[in-house]
Amino acid sequence: MKVTALRNRCIASGACVLAASQVFDQRESDGVVELLQAHPSLDQLKKVQQAVAACPSQVFVVEEEDDLSELTLTTNDEEM
Amino acid sequence: MRNLNRIVVIGAGAAGLTTAETLRRLGFGGTIVMVDAETALPYDRPPLSKQVLAGTWAPEKVLLRSPVALEKLALDWHHGVQASHLDVAGHRVSLSDGKQLDFDVAVIATGLSPRYLAGGHHLQGVFVLRTLDDALALRQELVAGKRLVVVGGGFLGLEAAATAHQLGVEVEVVEPLPICLEGPLGKTIGERVMQLQTSRGVRLRNGIGVRRLIGDQEQGNGGSVNAVELEDGSRLAADVVLVAIGAQPNVSRLEDSGLRLQNGIVCNAFCEAAPDIYAAGDVANWYHPHLGRQVRLEHRMNATEQGQAVARNILSEKQPFAPIPFFWSDQFDVKLQMYGVASRGAELRIVEGTLDEDRFVAAYYEEGERLVAVLGWNSPRQLLSYRQQLLAAYTPSQEANAVLAQQKVSDVL
């Protein structure tokens with residue numbers, strides 16, 4: 001499963017941090033989402049899925065959601 | 001466990017869509033029917049007063065889900081129709097196009113409609129701001145040098161005021177309360193928000209209401225708006241008027257359903273309004289076990305959390321819904337966020353930074369040391385540890401849960 005965080009949609013609610021605190025954090029300056037790991041182990045899968053679902057701002061885009069053999073996270077700061 | 005085959009969700013905003021999506025995520029493979037009053041694809045509202053109004057986001061960016069993602073959910077859609085009658089006992093909803101939908105369970109997520117002034121909305125240049133179309137239409141009018149009067153200094157009015165001001169529009173906000181946002185934020189922070197607005201150049205007129213809007217034809221009763229008359233008879237020149245005086249729950253079609261309608265749809269702690277009928281989002285007035293009263297939140301975060309809770313309660317053992325309310329407001333370069341609910345008499349303490357700075361955290365206490373809410377001013381990351389404190393208070397004890405489990409949905413009616 002590939003998850004991309006479209007950071008210029010982030011409103012810094014911290015919902016993702018609450019759902020998966022080992023994977024997500026918030027930037028000190030503005031609270032925008034930060035990744036703690038780019039390749040979390042699969043035991044984080046459910047939490048990451050909950051983070052995606054909990055975000056009130058549609059920050060996370062999920063691809064290859066049926067491929068549960070690995071979990072890859074990236075950020076995108078350019079999405080217009 | 002009975003067989004669930006057909007779930008009807010009335011309303012396809014954030015709450016309705018989250019309910020549907022969560023049902024799928026939890027493995028529900030049956031039919032999910034979406035009844036959507038709007039014709040466009042479902043979209044998110046918070047950016048409407050900010051990026052969409054400013055023109056920095058194209059309209060497509062506010063879609064709640066991409067068309068591809070929506071396809072994957074395999075929902076049966078009815079667009080551009082509303083529920084016209086709900087037969088609770090008969091498990092059937094009639095639509096405004098004449099169709100009838102049977103259901104095993106129905107979820108009502110019909111949201112809100114904006115309030116209007118008694119008159120003046122027929123004049124050109126007068127807007128409300130609820131839908132994407134509203135935002136796009138208003139955006140066209142916000143040209144540098146024009147004069148905007150915002151009627152209502154709540155969150156929506158102030159966010160729109162900030163957006164308009166940054167486009168070079170002259171903005172004046174008229175608000176009957178002496179202090180904007182005193183209800184949700186208290187006096188001190190309400191005043192701090194007012195200071196933010198006025199220091200950037202937005203004019204605030206507090207303590208007075210609007211008597212009527214005046215047009216440039218038919219002795220003021222027609223044409224384009226050119227002034228706002230206040231209760232004292234004085235007039236504010238206006239090229240554009242935004243009426244942002246609140247919104248009311250969309251329940252008019254439910255009056256003969258037997259559901260209890262009072263400040264939205266009355267529900268128990270499990271968000272049930274009647275057997276096999278749930279409500280979620282802006283329209284739901286449910287019993288919050290920790291706050292100990294009926295609560296209706298107009299928060300974007302609640303749409304998601306309650307939609308998820310309703311889906312879980314439909315499919316498995318019902319859990320009481322006791323979220324820590326959360327909302328945010330972005331005005332100018334300030335990100336304001338709040339967890340919890342503070343009553344009028346709550347004591348405010350600035351626990352990080354100071355009010356004069358551009359970032360601080362304010363905590364609200366009741367009865368001495370009981371933390372009830374926390375507000376971050378440009379301090380999102382700092383709020384989480386206070387939220388943990390609130391969580392300890394909000395998490396129901398086993399005894400409380402046992403009592404709640406006895407609460408039958410018939411208690412609601």
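1. Two strands count as paired here if DSSP finds at least two bridges between them. Helices (H or I, at least four residues) and strands (E, at least two) are DSSP runs, numbered from the N terminus. The model is predicted: local features need pLDDT of at least 70, side-chain atom pairs count only at pLDDT 80 or more, and totals for chains, interfaces and linings use all residues. Residues are numbered from 1 along each chain as its sequence is written, while chains are lettered from A and ligands numbered from 1 in the order in which they are written.

2. The six-stranded sheet of chain B. Its order is E3-E2-E1-E7-E20-E19. The sheet is open and its pairing mixed. Strand E3 (76-79) and strand E19 (272-274) of chain B are the edge strands; each has a single partner strand, so one side of each lacks a neighbour in the sheet. From one strand to the next the twist averages 20 degrees. Angles run from 0 to 180 degrees between N-to-C directions, and axes are lines fitted to C-alpha atoms, for helices over the stretch in contact.

3. Inside that sheet, strand E1 (residues 6-10) and strand E7 (residues 105-108) of chain B pair in the parallel sense, over four bridges. Ile10(B) stands opposite Ile108(B) in E7(B). H7(B) lies across E1, E7 and strand E20 (277-279) of chain B. Relative to E20(B), H7(B) runs at about 160 degrees.

4. H1 against H7. The axes of H1(B) and H7(B) come within 7 Å and cross at roughly 40 degrees. That makes H1(B) oblique to H7(B). On the scale used, angles under 35 degrees are roughly parallel, over 145 roughly antiparallel, 65 to 115 roughly perpendicular, and the rest oblique. The crossing of H1(B) and H7(B) is right-handed. A crossing is right-handed if the near helix is turned clockwise from the far one by less than a right angle, and left-handed if anticlockwise.

5. Residues in contact (C-beta atoms, placed from the backbone, within 7 Å) include Ala15(B), Thr18(B) and Thr22(B) from H1(B), and Ala303(B), Gly307(B) and Ile314(B) from H7(B). By class, the contact of H1(B) with H7(B) has eight nonpolar, seven polar and one charged residues. Nonpolar means Ala, Val, Leu, Ile, Met, Phe, Trp, Tyr, Cys and Pro; charged means Asp, Glu, Lys and Arg; the others, Gly among them, are polar.

6. Is Gly307(B) buried or exposed? Gly307(B) has 30 C-beta neighbours inside 10 Å and therefore counts as buried. The scale: buried at 20 or more other C-beta atoms within 10 Å, exposed at 12 or fewer, partly exposed in between, with C-beta atoms placed from the backbone. Gly307(B) lies in helix H7 of chain B. Neighbours within four places in sequence aside, the contacts of Gly307(B) are Ala15(B), Thr18(B), Thr19(B), Thr22(B), Ala280(B) and Gly281(B).

7. The chain interface. 14 residues of chain B are in contact with 12 residues of chain A. On the chain B side, helix H1 (14-25), helix H7 (300-315), strand E23 (326-331) and helix H8 (380-394) each supply at least two residues. H7(B) gives the most, with four. By class, the side of chain B that touches chain A has six nonpolar, three polar and five charged residues.

8. From chain A, helix H2 (residues 45-54) has these buried residues: Val48(A), Gln49(A), Ala51(A), Val52(A) and Ala54(A). Their cover includes strand E1 (2-6), helix H1 (15-19), strand E2 (24-26) and strand E4 (60-63) of chain A, together with H7 of chain B.

9. H5 against H6. Helix H5 (residues 155-166) and helix H6 (residues 182-200) of chain B pack at an angle of about 20 degrees, axes 11 Å apart. H5(B) and H6(B) are therefore roughly parallel to each other. H5(B) passes H6(B) in a left-handed crossing. Leu158(B), Ala161(B), Ala162(B) and His165(B) in H5(B) meet Val193(B), Gln197(B) and Arg200(B) in H6(B). The residues of this contact divide into four nonpolar, two polar and one charged.

10. Strand E10 (residues 147-151) of chain B is mostly covered, with four of its five residues buried. Five bridges join E10(B) to strand E11 (residues 170-175) of chain B, and the two run parallel. Arg147(B) stands opposite Glu170(B) in E11(B).

Conventions
Two residues are in contact if their C-beta atoms, placed from the backbone, lie within 7 Å.
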